[in-house]
Amino acid sequence: MKKIDLHIHTISTISDYEFIFSIEKLKEYVQTQNINAIAITNHNIFDLEQFREIDEALSIDVFPGIEINLECGHLLLISDNNELDAFNDKCQQVEDKIVTAEDSISIGEMDEIFHDLSKYLLIPHYDKKPSLRQEKLNELSSYINAGEVTSIKKFIYHTKNADSLVPVIFSDSRLTEEISSFPTRQTYIDLQDISFAGIKSCLNDKYKVALSEEHGNDFFQATSDGLLLSTGLNIILGERSSGKTFTLDKISEENENVKYIKQFSLLQNDEQRFNEQLATEESRVTEDYLKEFKEVVDDVVGIDLSAHFREMDDYLSSLLTYASESEKADTYSKTALFNESRYALKDLSNLQKLIEATELLLENEEYKEIINTHISKENLKSLLLDLIKKIHTEQEDKLKQQWLNDLIDNTKRALQTRSAQTIIEDINLYQIAVECKKIEKFSEVVELLKIEKNIYSKDIGKFKIIAKTKQYQGAQELKNKSGRQWRFASAFQNYNNPYNFLCELKNIEQLRKTEYYKYFMDVQYQILNRHGYPVSGGERSEFNLLNEIKDALKHDILLIDEPESSFDNQFLKSEVNKLIKELSKEIPIVLVTHNNTVGASIKPDYLIHTKREIRDGEVNYKLFSGYPSDKELKSTDSESINNYLIMMNCLEAGSETYEKRRSDIYEILKD
C-alpha cells in the first residue's frame, strides 16, 4: 500500500488566504507522515521553478498539478512529470483567464487548453465545497478518475455506494512555519511502486483505495516454491499448456479449506447438480419454516383421543354400576380409600424453563447493559433464588403425592379383592380436557399453515430464489414427497381433518414419526430468471457458478479455472465480475483466464504470468508476478517480462490482432 496526498498548496493566490509556504515543513510533513507521493495543486496557477525546487528537495515522487475554478466548482488536474514545460504553458493559459476569485473557466475552455484530457488525472471536488455539479460531472465522466471528499464518513459512504465516484481524501494543506500539527487526511492505494499510470489505475477502482494500510491487500505465500499472492483478487495469465492449471492445482494441494471451481466442472452433470442443489435448499427452507410446527406435531402425535373416549365410557359405566350396586356395599367398599382418586402430578417443566431463562439473563455478557437497564442484577439473583426454592418445594410435594398415589393404589387393590362391589374407574379428566384443547388448537394452526404464501426470497445475481407454501392436491403428491412407493390414499381422504390425517400418517408403518410435519403442507422452491420464469438449461449453469462463488465464503481461498470456457462475456461482465470483486474483499481469489472481459475488465489486484520452459529435457513452469499497473512482471530470480505484451498476448491474441479487430470490425460496425 502507498500513501498519497495529491492536494497541496504552496502559493497563496487570489482564491486563497495569505500564507507563506515552508519547504522545510513540507519535507517534515512527508517524512513524519510516511507519504509516498504528493501533487502540488495551487489555485489556477502552476509555478514551474518552485515545483522543480520541491521535486529536488524531496525523495518521493512529486507530480505537477493545478486546482482549477471550473464551472463554479473546483477540479484537480494532475499531470505526469515528463512534459513540465508544456504543462506550465497550459497552466499559464488558465492563470490568464482567471483574474478574480469569482472567475472560472468552462469545460470547453479547459478542453481547448489541455487538449487530450485522458492524459491527466482529473479529480473534482465531489462531496466537498465548492463541488462540481452533477451535469458537469456527467460531461467529464470519460476523464474523471475519482472524487475528493472531506471526511472519513463521506469516504466510507461513497466506497459503499455503487453509483458514487471512487472517493479520495487529501490534506488540501498550506504548510507554513507556524503549523504545529500535520494533517492526517491522505489516501492509501494498492500499489507496489509509485507511477503516474499506477496511481491512475488505482483511482479508477474502489477496491484499490483505503483509509489505512490495514484496509488494503496484503501478501501471503501460496506455494512451497515461493509464489506470493495478494489477499485480494489474483489473475493468472499464460499461453496454453504454460502451467496455469498446474499452478492452481499446486495452490489447492498445499493449502487447506480451498474452494476449487475447475474448468467445465459446472457443465458436467449440471442438471443433476442443479436438482440436488434445489432439493437441498428446499429441505433447508422447509425445515427452517416448519421448525416450530414440528414441535407442535411432536406434542400432539402421542395424543390418542380414541383411548380417552374409551376411558370416559369405562368411567361412566363404572360410575353407573357402582350407583346401581349400592346394596352390595360392604365394610371394604365403605372405606374412604375404596374410590379415592389419585393426585394429578404437576408438570414442572415450565418452572425449570423459567430458572434457565433467569440464569441466561444473569450470565449474558453481550446484552448485559440492556438487561441491567430494566432489571437489576440483584433482582435477577433474588428471582433465581425464589424460583429454585419454589421448584424444590414443588418437587418435594410431587414426591409426597407420588408416594400417596402408590399407597392409594395398593390400598384400593387390597380392598377390591375383598369387596363384591364394582370400583369406579380412575380417570384424569383434566388431562383429557387439556389434550382435547390441544387437538382443537392443532387444527387451527394447520388451517393457518395451509394458507398459500411466499415464505422465502433471495437474489443471487440476476436470479431470484423463492419458496412458497401450497396445499397438497392429491395422494400422488404426498407419495412424491415421500420419494417412496408408500400408499397415501387413505391419509389424503382425511387431509382436511388435521388430527385424523395425523392418525392416518401414523398407520403408514415405514413413515418416520419425525417426518409427519412435512405432509401437512408443501413448500415449492423455485429459481427464477430476471423475467420471473423458471431457469432454462443454460441458465442452470450460470446459477450454479454464482451459487458456487457465493458458497466460497465458507472457505479460505477460492480458485476458478477459466470460467469463460462455459459462459458468455455478457454474463461474466454483468454478474460474475461484480460478485468476484466483492468476494475478494473477504478471501483471496485466484482466477485463470484467457478472456479480456475477466482478465482486464475485472481490475485485478495482482497478476501472475506462467511460462513453460524445458530444462535438461524436463518441463518447468516459471512464474512472473506484479501489480497490474507495473510495466514489468518479475520472477523470483529477478527475470523481468513486459506486462503490456503479456496482457495483449494472453487476452487479445497480440496487439496487432487487437488493433486489427478494433479497426477492421468494431469501428466498421459502429459506423
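Visitor: Where is N44 found?

Guide: In this predicted model, N44 is found in the loop between strand 2 (37-43) and helix 2 (48-57).

Visitor: What should be noted about the phi of N44?

Guide: As a general idea, most residues other than glycine have a negative phi. In this case, phi of N44 is near 60°, a positive value in a residue other than glycine.

Visitor: Is N44 buried or exposed?

Guide: N44 has a relative accessible area of 4%. Buried means under 20%, so N44 is buried.

Visitor: Which value does phi take at H115?

Guide: Phi of H115 is likewise positive, near 60°, and H115 is not a glycine. The residue H115 is found in the loop between helix 4 (107-114) and strand 5. H115 counts as exposed because its relative accessibility is 52%, and the cut-off for exposed is over 50%.

Visitor: What kind of peptide bond joins K129 and P130?

Guide: Most peptide bonds are trans. The bond that joins K129 and P130, however, is cis, with omega at about -10°. P130 is found in the loop between strand 5 (121-127) and helix 5 (134-139).

Visitor: Is E56 buried or exposed?

Guide: E56, which lies in helix 2, has a relative accessible area of 70% and is therefore exposed.

Key:
Residues are numbered from 1 along each chain as its sequence is written. This is a predicted model: local features need pLDDT of at least 70, side-chain atom pairs count only at pLDDT 80 or more; totals for chains, interfaces and linings use all residues. Side-chain values use heavy atoms; hydrogens and water are left out. Helices (H or I, at least four residues) and strands (E, at least two) are DSSP runs, numbered from the N terminus. Buried means under 20% relative accessible area, exposed over 50%, partly exposed in between (1.4 Å probe, protein chains only).
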